[in-house]
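Hi,

Here is the structure I promised to pass on.

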Amino acid sequence: MTTLSPWRIRDFRTLFSASALSVLGMNVSYVAVPLLALLALDASAGQVGLLAALGTLAFLVIGLPAGAWVDRLAHRRVLVVAALCRGTLLVSVPLAWWLDVLTFGQLCAVVLLDGVCTVFFDVTAQSTLPRLVGPDALVPANAALVSLQAAGSITGRGAGGGLVQFLSAPVALACAAVGYLIAGLRLMRLKSTDDGPVRKAGPEPATSLRTQIAEGLRHVLGDAELRALALTGTLSNLGGVMINTMLPVLFARELHLSAGLLGVYWAIGGVGIFLGAWCARPLAARFGFGRCLALVNLCVAPVGLLVPLIDRGPWLWVASGAWLLFTLTTGLGNVLGVSLRQRLTPAPLLGRMNATFRFMLMGAMAVAGALSGLIGEYVSLRAALWSGAVCLWLSGLPLILSPVRHRRALPGETRTVRGSLNESAQTPR
């Protein structure tokens, strides 16, 4: 059976181009916001941790109901409004800086509200994709979007570090804001999502929001494969954010390294994501879908223990290489994991399933940012890094201990006797 190319679908090309602009803006701001706080507002390690926590706090507060709301709303409208609001919020920061009225409180408010917009954008984008491209093009569509995220990490974070170093953090944020605004205008061209959420034929019974949220939670936590994917992603995000939250402080105040070099370090992680996404399909075809996902995580996760050794000189590159290897598992999981959870979920539950995953994965990031800031403030920066590294080390265990390791192909797909997939199979996290 031949897999349909998503590039033949006009709406996918529209979504992809808008996502490219959003990913670029997100990664530039990922570098610029903490450096702006450190360099322009003289923020402490605890305050940098607070910013990291606020950026994903919305996933803990509204992440679950957002899935139910998205299942009720027209997806195109949500995507457009979220992108335009993100751009408007972000552009207020350089304006306030140029007027000399920027405060840490405003920066916190912008980061928090941007997180709210991100909740709706991310949940809606993942929920609308299966309907937009259809089941035959879902795997390559997910692979393309994961590769985009990896490329965005490479170019966006590298560009963000360069913009901060040579122009200033406010200029970098202004560039990110323009990307979001153009993405919102681009998304107005979407057609296939105008019909809103998928609904069953016939009269629809009244269902409370609490009941809908509970259905999404039961679907994810009650399924052994979905539960394992969620737990692995949660541990991975917890560890990664605990490390990354303190890196700007470490680079600027202990190692005295440039913003450009910080951007390069983070860009190396994007290379790992890209390589993981690129290798996902052939590795799944060679070793089996679930076995590939589980074994790669188990074998590669321990290299996370090398990241806290980061220092000037050779240890900078040792830590960078370890980070590249670990993010390779992220790229692999973002191709093989997301596709699996989309294929295991009925269409009416997609929004709530994605919201449950985002609640756990992004909620872990909010907790990690706050926890990293506290440890960095009251213990040491290195202690925060080592705490995150332990989480990275443990992140592969849920998959190894679950039925995922026995899965040979996506639901509805078969393998030949020689072990190759009849249809290409991949899944994101």
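Glu254 is partly exposed, at 39% relative accessible area; by the cut-offs used, buried is under 20%, exposed is over 50% and partly exposed is in between, with a 1.4 Å probe and protein chains only. Glu254 makes a salt bridge with Arg382, the closest N and O atoms being 3.4 Å apart (a side-chain nitrogen of Lys or Arg within 4 Å of a carboxyl oxygen of Asp or Glu). Glu254 sits in helix 9 and Arg382 in helix 14 (residues 381-394), so this pair ties together parts 128 residues apart in sequence.

Before you read on: this is a predicted model, with local features needing pLDDT of at least 70 and side-chain atom pairs counting only at pLDDT 80 or more, while totals for chains, interfaces and linings use all residues. Residues are numbered from 1 along each chain as its sequence is written, and side-chain values use heavy atoms, leaving out hydrogens and water.

By that rule there are four salt bridges. Another one joins Asp42 and Arg253, with the closest N and O atoms 3.3 Å apart. Asp42 is in the loop between helix 1 and helix 2 (45-61) and Arg253 is in helix 9, so the link ties together parts 211 residues apart in sequence. Asp42 is exposed at 61%, whereas Arg253 is partly exposed at 38%. Then there is Asp11 with Arg10 (3.8 Å, N to O): Asp11 is buried at 4% relative accessibility, but Arg10 is partly exposed at 35%.

On the fold, the protein chain has 15 helices and zero strands (DSSP runs numbered from the N terminus: H or I of at least four residues for helices, E of at least two for strands). Helix 1 (residues 10-40) has a kink of about 25 degrees centred on Ser29, taken as the angle between axes fitted to the seven residues ending there and the seven starting there. After helix 1 comes Asp42, with a positive phi near 55 degrees.

As for the inside, 59% of the 429 residues count as buried. The largest nonpolar core has 104 residues, and Leu51, Leu247 and Phe251 are among those with the most contacts inside it (a core is a set of buried Ala, Val, Leu, Ile, Met, Phe, Trp, Tyr and Cys residues joined through side-chain atoms within 4.5 Å). Helix 9 (residues 224-254) gives the largest share of this core, 13 residues. Apart from it lies another core of 23 residues, including Phe12 and Leu190.

Cheers
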